[in-house]
Amino acid sequence: MLEILNVNSLTRLGEGLFITLEISFVSIVITSFGGLLLGILMSLKNSYIYAICRFGLEFVRVMPLLVWLFIVYFGFSRWLGFDLSSVAASIIVFSIWGSLEMMDLVRSSLQSIAKHQYESAAALGLNSLQTYAYIIIPQALRRLTPLSMNLLTRMIKSTTFAYLIGAVELVKVGQQIIEFHNQNDFAPFIIYGLIFMLYFIICYPVSLYARNLEKKWG
Amino acid sequence: MDFHFILTHIPAFVEAAWLTLKLSFWGVIFSLLIGFFCVLMHFFKLKFMGNLCQIYIEFSRNTPLLIQLFFLYYALPKLGLHLENIFPLNLLCLSVDESLRPAFACAIVGLSFLGGAYMAEALRAGFESVKKQQFEAGLSLGFTAFGNLRYVILPQALAVAMSGISANIIFLIKETSVVSIIALPDLVTLMKSLNSLTYKTDELLFMLFMGYLCIILPLSLMLSWLEKRLRYA
């Protein structure tokens, strides 16, 4: 029953896991910087920028991620005339979606900083750059971290969608192994069970850490 | 854009959207039930069941729906477990074609499994926002634990939890796009199969987009209206 889990299939699952982690890692890095930048822009109290950001967020939110993946993967190659690999398409979609979601989190955590914090900073003679660098952003980051961790696990979970546009990541590799061992009745049980556990092992520490931070800082 | 093509394929898309709606409806109903169950276990301080619910919540929140569906659809039947024959699901499955019943049952179970945990979290946030004095005040007025829940706690908790619940409803509808992997003819499946037949990618992507927009946008507006009503109730 367990002979499926030989060295060969385990190394292949490892390669699939690597692609999964590559997609998540690159999009998470882009999301962190993009989201922070956009979030600060959005909280600048400029109603035009706010409206544009809000529209972008709602526009992306209203569609399932899978639809965005389809649009970028199938559409971009036709409209813009270059072929995107499925991994590149996933990274683009996850980065844009993640940045916009992160933007909203950054905005809400910046807005949750009480007004007197700004005023006290001004009273101490700090200019606005110093106020942000020493007073506002350190406090906002504390409120942001648990929230963004939840987004992070959602992004890692969403990498499974890359399978649906043909990326050879963890799920696809698992399926190939199951097809190879199709005479073994327990193959789907073992392989899907293993992938299930792998995702859990990746995501659970992150959400556990987020919960602890929330308790500690909340 | 080939508008003739779009017009001739609208009925097929409506049918696919109908399946998405059916799935989301049952998914939302069951996940609300599961969510309430988990929260009530904590409310009535049933330690063992509460811990069990917590394990379930962690499991379903930290694994992707796609893998859950694969597991339900491909792995469980190998162990002799056919979801479409189990009691409430076999009745729900009557609404779809016989060949689709196993996948339909799996999709409902998968969505409820995922959604239940998210609903439980939203409801828990609502319960936690109710002040401790309210629990005590209800009991001191002579309410039983259940009456206290029904008349004092729940109305307040729901008003707070509503924003989370409506976000989860939208989230679940969007997650249904994954069911194409277990061969359910939803909007994504239809788009993919028509695309491989006709290569009208632009038109099909447009219809896919419009299909989800027609489902999600009205619902999202309705839910935010409801949320406002509840907040001032």
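Is A:Phe196 buried or exposed, and what is its relative accessible area? A:Phe196 is buried, with a relative accessible area of 14%. The model is predicted.

## Aromatic pairs

Over all chains, a search of the whole structure finds 25 aromatic pairs. One of them is formed by A:Phe189 and B:Phe71, whose ring centres are 5.6 Å apart. The planes of A:Phe189 and B:Phe71 meet at 35 degrees, so this pair is tilted. A:Phe189 belongs to helix α8 of chain A (residues 187–217), and B:Phe71 to helix α3 of chain B (residues 65–75), so the pair joins two chains.

B:Phe71 also pairs with A:Phe196. Here the centres lie 5.9 Å apart and the planes are at 25 degrees, so the pair is stacked; the limit for stacking is under 30 degrees. A:Phe196 lies in helix α8 of chain A and B:Phe71 in helix α3 of chain B, so this pair joins two chains.

## Accessibility

A:Phe189 is partly exposed at a relative accessible area of 27%. B:Phe71 is also partly exposed, with 21% relative accessibility. A:Phe196 is buried at 14%, because buried means under 20% relative accessible area.

## Ring cluster

A cluster linked by ring pairs contains A:Phe189, A:Phe196, A:Phe200 and A:Tyr204 from chain A, together with B:Phe59 and B:Phe71 from chain B.

## Charges over rings

In chain B, the charged end of B:Arg61 sits over the ring of B:Tyr118, at 5.0 Å from the ring centre. The charged end of B:Arg150 sits over the ring of B:Tyr151, and its distance from that ring centre is 4.7 Å.

Definitions and conventions. Residues numbered from 1 in each chain as written. Chains lettered and ligands numbered in written order. Predicted model: local features only at pLDDT ≥ 70, side-chain atom pairs only at ≥ 80, totals over all residues. Heavy atoms only, no water. Phe/Tyr/Trp six-rings, centres within 6.5 Å; stacked < 30°, edge-to-face > 60°. Helix = DSSP H or I, 4+ residues; strand = E, 2+ residues; numbered from the N terminus. Buried < 20%, exposed > 50% of the residue type's maximum accessible area, 1.4 Å probe, protein only. Lys NZ or Arg CZ within 6 Å of the ring centre and 35° of its normal.
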